[in-house]
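Hello,

Here is the structure I promised to pass on. Please open it first, then read the notes below.

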Amino acid sequence: MTRPSAADLDPDDLGFEHVPETDQSFENALAKARDGTRLTVDDAVELLTTGSDATGIDRERKEAVLEAADCRRAEVVGDEVTFVANLNNNVTTACNTGCLFCNFKDTAHQFEADHDGQHAGFTKTPAESRAAVRAAVERGVYEVTSVSGLHPAFALNDEHHEVLRGVDDAARAVNYKPPEAYDTDPGTYVEQMDAMSVDGVHLHSMTPEEAYHARRGTDWSYEEVYRTLAEAGLDSAPGTAAEILVDEVRDVICPGKIDTEGWIDAMEGAMAAGLDTTATIMYGHVDNEMHRAMHLKRVRDLQDRTGGITEFVPLSFVHERTPLYEHGVVDGGASDAEDELLIAVSRLFLDNVENVQTSWVKYGDEKALKTLSCGANDFMGTILSEEITKRAGGSFGEFRSFDDYVELITSVGRVPVERSTDYRDRRRIDPDEGPPFGPTLGPKADGTPLLSGPERAERAGDAAAADD
């Protein structure tokens with residue numbers, strides 16, 4: 001099957017069936033939100049649009065929605081703002097999926113041993129992943145997040161390699177080429193999980209899309225795959241690759257990915273295997289408010305059935321240097337008002353998900369702080385390394401220290417709280433104790449800052465140069 005490219009798309013003729021029109025009124029939807037009545041999709045559309053019968057976002061109505069969400073946040077989680085000491089360790093950028101919103105990937109043929117050209121991508125061996133994680137744990141990090149491209153040589157384990165080697169025309173049929181075809185062997189998923197699960201760190205990895213890649217060509221269930229990965233050291237799974245859980249949108253922005261039901265099946269498999277998960281939405285591209293509301297409903301229904309989602313993570317589309325933008329399908333991302341409303345309606349609609357995260361990587365500090373008054377209560381993590389947003393054109397850096405967090409959170413009158421990945425362990429930080437602040441919840445965390453002063457200064461200089 002030939003997949004559409006961004007150049008093939010007409011932004012004025014996407015032909016969506018689902019549009020942001022309802023028979024509900026904004027006033028009724030807002031009253032339900034304030035009362036704590038469970039919202040419908042139509043209610044969510046009215047709140048996201050500030051009235052689907054009007055053009056543009058009404059400022060006063062928007063502020064009313066934000067206020068309702070902030071009140072709900074205070075009722076559910078109080079004034080604590082949580083964050084985690086984590087490292088992003090992305091294993092490979094090799095990927096043939098062809099998502100039009102992404103600039104993280106590099107087509108996999110560039111990584112082949114007989115390829116002559118240059119590329120900016122990377123693949124880490126399990127030993128290199130272990131070294132990166134071990135160094136971070138020594139600094140006090142206690143979570144490693146790993147989300148990677150779908151390298152054709154990746155298989156779940158040796159048994160999976162044998163299955164894939166037996167498929168006729170495996171490169172075309174199941175996106176598989178053996179490790180010996182490439183300059184660097186990424187190992188198996190099991191080997192990478194084992195390598196990153198060191199020294200008591202919490203391993204947060206294997207998106208639904210990666211889980212699909214880890215079972216392609218077999219009749220294995222998602223639960224079997226995730227149980228195998230958990231035995232190798234996986235502790236929880238990120239619910240990314242969700243983008244928008246409406247197939248007419250997925251058919252435009254990521255036609256090579258699993259569909260909505262595939263994402264839900266994978267999430268249910270992870271939770272059946274005993275893993276906590278997160279859930280995400282990536283919005284602000286070709287989607288509309290009806291799509292966003294439908295997405296929220298599917299996440300809420302999933303949580304009703306499973307109860308395994310620890311946090312919801314809105315991800316605003318970063319458009320620069322993505323195919324959708326470069327080919328004129330979109331001319332930008334979500335507006336500030338849309339970002340604020342998406343956070344707020346997530347809080348109001350997802351009455352069964354306790355934590356809503358905001359992103360300083362996507363929004364920058366000022367806007368991220370504003371969203372803490374729109375319903376969000378979690379402020380991400382230290383990250384130490386971030387490639388995905390940066391490659392798409394993000395410019396807000398890739399490290400946040402505990403000192404930064406304490407200063408930012410207290411500046412808006414909230415309480416800084418260090419947390420574990422699953423939110424079960426927490427430590428309130430008293431700003432009066434004075435900096436420097438560092439993590440304490442990790443196996444080798446003793447309150448020492450993750451980076452020394454000179455290291456932080458060097459990183460700040462690198463970030464400034466990169467933004468010029």
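**Notes on the model**

D169 sits in the loop that runs between α5 (158–165) and α6 (170–174). Keep in mind that this is a predicted model. The phi angle of D169 is near 50°, a positive value in a residue that is not glycine.

E243 also deserves a look. Its phi is near 50°, again positive in a residue other than glycine. E243 belongs to the loop between β5 (236–237) and α10 (247–253). Is E243 buried or exposed? The relative accessible area of E243 is 6%, so E243 is buried, the cut-off being under 20%.

One more backbone point. The peptide bond from P435 to P436 is cis, and its omega is near 0°. P436 lies in the loop between β11 (426–428) and α19 (453–467).

**The two domains**

In contact across the boundary are 24 residues of domain 1 and 33 residues of domain 2.

How much area is buried between domain 1 and domain 2? The figure is about 2,400 Å², with 67% of it from carbon and sulfur atoms. On the side of domain 1, R38, L48 and R73 lose the most area to domain 2. Together these three give 32% of what that side buries.

The side chains of E75 and R72 form a salt bridge, at 3.8 Å from N to O.

Which helices each supply at least two residues of the side of domain 1 that touches domain 2? They are α2 (41–49) and α3 (59–77). The largest share, 11 residues, comes from α3. By type, the residues on this side of domain 1 are 14 nonpolar, 3 polar and 7 charged.

**A buried aspartate**

Last, turn to D339, in helix α14 (residues 336–349). D339 has 1% relative accessibility and therefore counts as buried, since the cut-off is under 20%. What does D339 touch, leaving out residues up to four places away in sequence? The contacts are Y283, S316, A334, Y363 and K367. With Y283, the side chain of D339 makes a polar contact of 2.6 Å.

Best wishes

Conventions. Residues are numbered from 1 along each chain as its sequence is written. This is a predicted model: local features need pLDDT of at least 70, side-chain atom pairs count only at pLDDT 80 or more; totals for chains, interfaces and linings use all residues. Side-chain values use heavy atoms; hydrogens and water are left out. Contact means heavy atoms within 4.5 Å. Buried area is the accessible area (1.4 Å probe) that two parts lose on being put together, summed over both. A salt bridge is a side-chain nitrogen of Lys or Arg within 4 Å of a carboxyl oxygen of Asp or Glu. Helices (H or I, at least four residues) and strands (E, at least two) are DSSP runs, numbered from the N terminus. Ala, Val, Leu, Ile, Met, Phe, Trp, Tyr, Cys and Pro count as nonpolar, Asp, Glu, Lys and Arg as charged, and the others, Gly among them, as polar. Buried means under 20% relative accessible area, exposed over 50%, partly exposed in between (1.4 Å probe, protein chains only). A polar contact is a pair of N or O atoms within 3.5 Å; within protein, one must be able to donate a hydrogen and the other to accept it, and residues adjacent in sequence count only if both atoms are side-chain atoms.
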